[in-house]
Amino acid sequence: LAGCNLHTSGFENISRTIAARNIPGFCLDVSENSLKESSIQTLLRPFQNTNVLHTLDLTGCKLNASLINFLFSVIKDMGDFGLDTLILNQAKLDSLMMNQKTG
């Protein structure tokens, strides 16, 4: 799904289908997409309390501080069944987040 620019409803349909198949160790690549908090929530909700999603790749996605905080909150709520790997290579962090990191 890299660079496909799906809307929230598209992510919902795909993540529900993947989670329903219950194939452990799945890698979901949504790199190079413009994601909103609602998209992340919709994308990860079907994977809560499952062992299906192993890796989430957000390479090159534009991520602001609010979205990063929300993402980590959702992953934390997944509990013992959470992600093993979160890939943020070349993620585009907004300037507010960069200032918090260096300040």
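Select Ser-31 and Asp-29: their side chains are joined by a polar contact of 2.6 Å. A polar contact is a pair of N or O atoms within 3.5 Å; within protein, one must be able to donate a hydrogen and the other to accept it, and residues adjacent in sequence count only if both atoms are side-chain atoms. The model is predicted, so local features need pLDDT of at least 70 and side-chain atom pairs pLDDT 80 or more, while totals for chains, interfaces and linings use all residues. Residues are numbered from 1 along each chain as its sequence is written, and side-chain values use heavy atoms, without hydrogens and water.

Stay with Ser-31, which lies in the loop between β1 and α2 (37-44). Helices (H or I, at least four residues) and strands (E, at least two) are DSSP runs, numbered from the N terminus. Ser-31 counts as buried because its relative accessibility is 7%; buried means under 20% relative accessible area, exposed over 50%, and partly exposed in between (1.4 Å probe, protein chains only).

Next, display the open sheet of three strands, which has the order β1-β2-β4 and parallel pairing. Its edge strands, β1 (26-29) and β4 (85-87), each pair on one side only. Two strands pair if DSSP finds at least two bridges between them. Select β2 (residues 53-57): this strand and β4 pair in the parallel sense over three bridges. At Asp-57, look across to Ile-87 in β4, which stands opposite.
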